[in-house]
Structures are given as C-alpha cells and as structure tokens.
Amino acid sequence: GGCDMGCGDWGDDMDLQPPPLQQPTQQPGCLASGIRDYTQLPKEMDRCIEEYDTDSSLRPAIITPVGSWTKTTKEALLASPSTTTLRGDEQKKEKDIAFD
C-alpha cells in the first residue's frame, strides 16, 4: 500500500482512520519502497498547519504529567512483561535515559 498521509487524509472530523490503500508510488514523506518516512513528519505537520489553520487558533501546549508513571518492560523477547511504578526522581531518570 501507499504511504500518502497528506493534510486532508484524516478528514475534518479527525476520525483517525488510516487512508485507503493505494498503489505504491514515490511521494513526499515516503521512501522509494512506499514505506512512511517519519523523519519528514514534522515538516508535513508544519505545512498542514500553515495550510489549514487560517485563523491561527492552533497554539502550542506544554503537558506536565503529575503523579506516578507505569513502566512495563520485558527482560527478553519471549519473557513475561513486568510492571513498575515510577515516581519523582525515577521519572526524571527514565526520561533522561529515553532521550539519550
């Protein structure tokens, strides 16, 4: 299938259903194999925002989670998942690890 996910593909109601499958073609944001190139997503979002947000109503937001986080990990591919609750300093440590 294709990977075209242009501005209008999600519809005005933000249904979040993927667009119908298309013939694989080289399109902006896609690799030659028809696979979605997610490194181009920020540029595509900026382009769509500029095109459709004509009254500049879209604003950035900083989301600050509070409370505890739940971390689910597996020691090996076939191992059973284990769940850990993270608070305060543990959250900062795990966030720093994720963005290293």
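Here are a few friendly notes on the structure above.

1. Ground rules. This is a predicted model, in which local features need pLDDT of at least 70 and side-chain atom pairs count only at pLDDT 80 or more, while totals for chains, interfaces and linings use all residues. Residues are numbered from 1 along each chain as its sequence is written, and side-chain values use heavy atoms, with hydrogens and water left out.

2. Overall layout. The protein has 2 helices and 2 strands, and along the sequence they follow the pattern α-β-β-α. Helices (H or I, at least four residues) and strands (E, at least two) are DSSP runs, numbered from the N terminus. Of the 100 residues, 15% are buried; here buried means under 20% relative accessible area, exposed over 50%, and partly exposed in between, with a 1.4 Å probe and protein chains only.

3. R36. This residue sits in the segment before helix 1 (41-52) and is buried, at 9% relative accessibility. The R36 side chain makes a polar contact of 3.0 Å with that of E44 (N or O atoms within 3.5 Å, one able to donate a hydrogen and the other to accept it; residues adjacent in sequence count only if both atoms are side-chain atoms). R36 also lies over the face of Y38, 5.6 Å from the ring centre (the rule asks for NZ of Lys or CZ of Arg within 6 Å of the ring centre and within 35 degrees of the ring normal).

4. Salt bridges within helices. The whole structure holds 4 salt bridges, each a side-chain nitrogen of Lys or Arg within 4 Å of a carboxyl oxygen of Asp or Glu. In helix 1, R47 and E51 are 4 residues apart, about one turn, and their side chains meet at 3.8 Å, N to O. R47 is partly exposed at 42%, as is E51 at 41%. Helix 2 holds K92 and D96, also 4 residues apart, with their closest N and O atoms 2.9 Å apart. K92 is exposed at 51%, whereas D96 is partly exposed at 35%.

5. A link between elements. Which residue forms a salt bridge with E94? The partner is K71, with the closest N and O atoms 3.0 Å apart. E94 belongs to helix 2 (residues 88-98) and K71 to strand 1 (residues 69-73), so the pair ties together parts that are 23 residues apart in sequence. E94 is partly exposed at 21% relative accessibility, and K71 is partly exposed with a relative accessible area of 28%.
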